[in-house]
Amino acid sequence: MRNDVENDDDDSYPKPVGRRSVFFYGVGHMLNDITAACWFTYLLLFLTEIGLSPRDAAIAMLAGQIADGFATVFAGELIDRFGHFKVWHGAGSILVAISFSSVFGGCLPCKILASCSSVVETVSYSTSAAIFNVGWAATQVSHMSMVNCISLNSSSRVVMTSCRNAFTMVANLSLYAVALVVFSSIKATTHADIENQYRWIAYTSIFIGCCFVGIFHLGTKEPRLKICVHGTSNARISWAYWFKKVLYYQVGLVYMLTRLVQNVSQAYLAFYVMDDLQMAKSAKALVPAIIYMSSFFVSVIMQEMSWTGHRLKAYYSAGGILWVFCGAGILLLPRNMSAFMYVISVLIGIANALMTVTGVSMQSILVGSDLNGCAFVYGSLSFLDKISCGLAVFALQSFQSSSPKTEEALSTEHISVTRYGLGLLPAVCSLAGVAITYTMKLQTQDSKSLMEPLLE
């Protein structure tokens, strides 16, 4: 089953999307990106600093990831049924803005019940995390699937994905700039001081993200291609249609592995620079900032390229192989050579950009012109991403807190659980992603350079 979108133009391929439309689309995920950066970089650190055990902190993150995973599937199905991408995006953004403050806002049930029990704290933070991730999922699925309904042009889809990734880097850089200022200006000597630090980071992140959400909604119209499809055929593509495609499973595995590389490494980066390398406290903001600066520049360069299936595979493989070398460096880097982490950070940023832009763009090729099922594709593939990331972090945290004797027996002078999480796991996942990408058969439509706008 396929949906044929009629084009008024006589060309045999769809017209490219204009730069203004690309920009307005690209800023639409800023709120999600800046809160996600805070989530993966500082949640475990925050929860352990206020007294939760590594296992309890991992439970809170796992609860959020599970809620996010199931919410992406339901959001994708509902968006395919009823459309209205911008409505889902706006509603999800509102829920993210309201709920994220409670994730780093302290334990409200503890104050109500006058109890500081670890069980109450874990349940409280897990509930807040789950609510936040439901809103996050609605925003993510609506925004990611929207790209396919803005244009059928393969290169334009990659360009919009690249622009989105570039603003992901802007969001992350904004977070780490805020964090650097907060950590430098507010001294943390008590639990209340620690909560106050992260509360300021969370509130500022929400404000920055909401500003860009407003720009997105003012500058982006409801995609015309989706309206056209709904106007000619209301047939919705069944799930079985996608499950019969080999490419669906290949793209799903590559996307899951790509997100595992980025999210797990991001979750353990702060622990690595602080505990393993014992760098200055400012490094837990400076090192991630370097990663995202290099990712930003690579993403901007990728916007100016034309794309084919072979080029997507080549660039993804290059990013994956580069991550393998970075992972080996992280595993073996001694503490007295911690300055080399800044060099590794630049290479990680380049690898992340190459893998993310091409990995997400493979989903657009999978969707093609089957627009009435695109949201389900993004939702179902994101389900694998969320659950796998949550389980991976939970397993690593449980292993880390299993017992001091076990950890000491399975560690060497330079190898720790944190190094496995930041170095070994991303390297293995990258290598697996490259191997799967090699087996793919990606077909793209002919395309021109960026010229005229599709949305008028």
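**Close-up views of an all-residue predicted model**

View 1. Phe-296 is partly exposed, with a relative accessible area of 25%. Partly exposed means between the buried limit (under 20%) and the exposed limit (over 50%), using a 1.4 Å probe and protein chains only. The model is predicted: local features need pLDDT of at least 70, side-chain atom pairs count only at pLDDT 80 or more, and totals for chains, interfaces and linings use all residues. Residues are numbered from 1 along each chain as its sequence is written, and side-chain values use heavy atoms, leaving out hydrogens and water.

**View 2. Aromatic pairs.** The count comes to 21 aromatic pairs. Rings of Phe, Tyr and Trp (its six-membered ring) pair if their centres lie within 6.5 Å; planes under 30 degrees apart are stacked, over 60 edge-to-face, the rest tilted. Phe-104 and Tyr-198 are stacked, because their ring centres are 6.1 Å apart and their planes at 15°. Phe-104 sits in the loop between helix H4 (85-103) and helix H5 (108-113), and Tyr-198 in helix H8, so the pair ties together parts 94 residues apart in sequence. Helices are DSSP runs (H or I, at least four residues) and strands are E runs of at least two, numbered from the N terminus. Both Phe-104 and Tyr-198 are buried. The rings of Phe-296 and Phe-297 have centres 5.7 Å apart and planes at 65°, so this pair is edge-to-face. One aromatic cluster includes Trp-39, Phe-104, Tyr-198 and Tyr-292.

**View 3. Helix H1 and its packing.** Helix H1 spans residues 19-26, and its buried residues are Ser-21, Val-22, Phe-24, Tyr-25 and Gly-26. They pack against helix H6 (118-150), helix H7 (154-185) and helix H8 (191-219). Contact means heavy atoms within 4.5 Å. The protein has 17 helices and zero strands.

**View 4. A nonpolar surface patch.** Met-337, Phe-340, Val-343 and Leu-347 form the patch, with about 340 Å² of accessible area together. Patch residues have over 30% relative accessible area and no salt bridge; like charges are joined within 9 Å, nonpolar side chains (Val, Leu, Ile, Met, Phe, Trp, Tyr) within 5 Å. A salt bridge puts a side-chain nitrogen of Lys or Arg within 4 Å of a carboxyl oxygen of Asp or Glu. Areas come from the Shrake-Rupley method with a 1.4 Å probe; for residues, only the protein chains shown count as cover. Val-343 is in helix H14 (residues 341-367). Val-343 is partly exposed, at 48%.

**View 5. Cysteines.** The count is zero disulfides. A disulfide needs two cysteine sulfur atoms within 2.5 Å. The sulfur of Cys-429 is 8.8 Å from the closest cysteine sulfur, in Cys-389, too far for a bond. Cys-429 is buried, at 7%.
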